[in-house]
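Welcome, and thanks for taking a look at this one. Here is a short briefing on side-chain pairs and where they sit; please keep the structure open beside you as you read.

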Amino acid sequence: MDTQSQDKVRLESDLHEAIALKQFVLDYQPKVDVKSGAVHSVEALIRWRHPPRGLISPKEFIPLAEDSGLIGPIGEWVVREACRQAKAWQRRGLPQVRVAVNLSASQFRQKNLLATIRQALLDADLDPSYLEVELTESAVMTNPEESVSILEQLSKMGVLVSVDDFGTGYSSMSYLRRFPIDKLKIDRGFISEIMTRPDDASIVRAIVSLAHSLRLKVVAEGVETPDQLNFLKTLGCDQYQGFHFSTPVSAADFEELLRRQRDDEPAGEESQAERTHSKLAVLRTG
């Protein structure tokens, strides 16, 4: 066995113990309202603080977790912890924010996904409208009919659904009118060069126009400069994420951000655009 294979085996063994030893943590990256600059939602991002290796990137251990069948318990922990933390901020009297979690393709297909999300919300006593799930295009299109059923049930629950990395995956966009989706997240690859590549700017403009024509919200990922933000503002983009506002930060640091926002804004003020339920939850109340 070569060195790389040995390292992978050791890492997989460590992964089995990581949850029990509480080595995973969530960092949080704000989703910022383009017009007002306010933060009403945030994305939870898992980190593995491995002793003695230090911080291990999700890009390194998530594929390993999927291959080894460990993505289930890891994904469940992320959903439970995100719901718990969102409720904890609410109980401290901070501005109420929606927390988004990423679901991998294999996690999305697990039979207990809906039960896991429902139980996490119940245990945290969190209103479902404060939870958002993010899925890639390829994840929802692997089995379209099954995806429709799962997404409808999530939507009826009151949970919002976002399509992550939009524009890089499935070539057909017919699913946008079939599936109960609430937001499109424009992949950072298009945002990084919108000021220097006219084609990228045109793609971003088209995505924003398409989304709004379908009554969907749009989030731009990877915004790093004032010029990028100003361009997105002219397009009417709804939210953005990126280093221009904040890197992913710890729960404690994000809490401090919420405290500052609470002190700067009138009590109870919140963007109406951010307090909508998913389309299906509004249209189907049964």
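Salt bridges with shared partners bring both of them into one network, together with Lys-31, Glu-43, Glu-132, Glu-134 and Lys-183. Please bear in mind that this is a predicted model.

**The salt-bridge network**

- Glu-221 and Lys-185 form a salt bridge of their own, with 3.5 Å between the closest N and O atoms.
- Another bridge joins Lys-31 to Glu-132, where the closest N and O atoms are 3.1 Å apart.
- That pair links distant parts of the chain, with Lys-31 in strand β1 and Glu-132 in strand β5 (residues 131-136), 101 residues apart.
- Lys-31 and Glu-132 are both buried.

**A salt bridge within a helix**

- In total, the structure holds 16 salt bridges, and one of them pairs Glu-81 with Arg-84, at 2.7 Å between the closest N and O atoms.
- Both residues of this pair lie in helix α3 (residues 71-91), and the three residues from Glu-81 to Arg-84 are about one turn of the helix.
- Glu-81 has a relative accessible area of 19% and is buried, because the cut-off for buried is under 20%.
- Arg-84, with a relative accessible area of 40%, is partly exposed.

**Aromatic pairs**

- The structure holds seven aromatic pairs.
- One of them is the stacked pair of Tyr-28 and Phe-254, with 6.4 Å from centre to centre and 25° between the planes.
- This pair also links distant parts of the chain: Tyr-28 is in strand β1 (residues 24-33) and Phe-254 is in helix α12 (residues 251-264), 226 residues apart.
- Tyr-28 is buried at a relative accessible area of 1%, and Phe-254 is buried at 0% relative accessibility.
- Trp-48 and Phe-61 make an edge-to-face pair, since their ring planes stand at 85°, and their centres are 5.5 Å apart.
- With Trp-48 in strand β2 (residues 39-50) and Phe-61 in helix α2 (residues 58-67), the pair ties together parts that are 13 residues apart in sequence.
- Trp-48 is buried, at 0% relative accessibility, and Phe-61 is buried with a relative accessible area of 0%.
- Ring pairs also join Trp-48 and Phe-61 with Phe-24 and Trp-77 in a cluster.

**The chain as a whole**

- How many helices and strands does the chain have? There are 13 helices and nine strands.
- Of the 286 residues in the chain, 51% are buried.
- Taking contacts between residues at least 6 apart in sequence, 71% join residues at least 24 apart.
- The chain's accessible surface comes to about 13600 Å², and carbon and sulfur atoms account for 50% of that area.

Technical notes: Residues are numbered from 1 along each chain as its sequence is written. This is a predicted model: local features need pLDDT of at least 70, side-chain atom pairs count only at pLDDT 80 or more; totals for chains, interfaces and linings use all residues. Side-chain values use heavy atoms; hydrogens and water are left out. Rings of Phe, Tyr and Trp (its six-membered ring) pair if their centres lie within 6.5 Å; planes under 30 degrees apart count as stacked, over 60 as edge-to-face and the rest as tilted. Helices (H or I, at least four residues) and strands (E, at least two) are DSSP runs, numbered from the N terminus. Buried means under 20% relative accessible area, exposed over 50%, partly exposed in between (1.4 Å probe, protein chains only). A salt bridge is a side-chain nitrogen of Lys or Arg within 4 Å of a carboxyl oxygen of Asp or Glu. Contact means heavy atoms within 4.5 Å. Accessible areas come from the Shrake-Rupley method with a 1.4 Å probe; for residues, only the protein chains shown count as cover.
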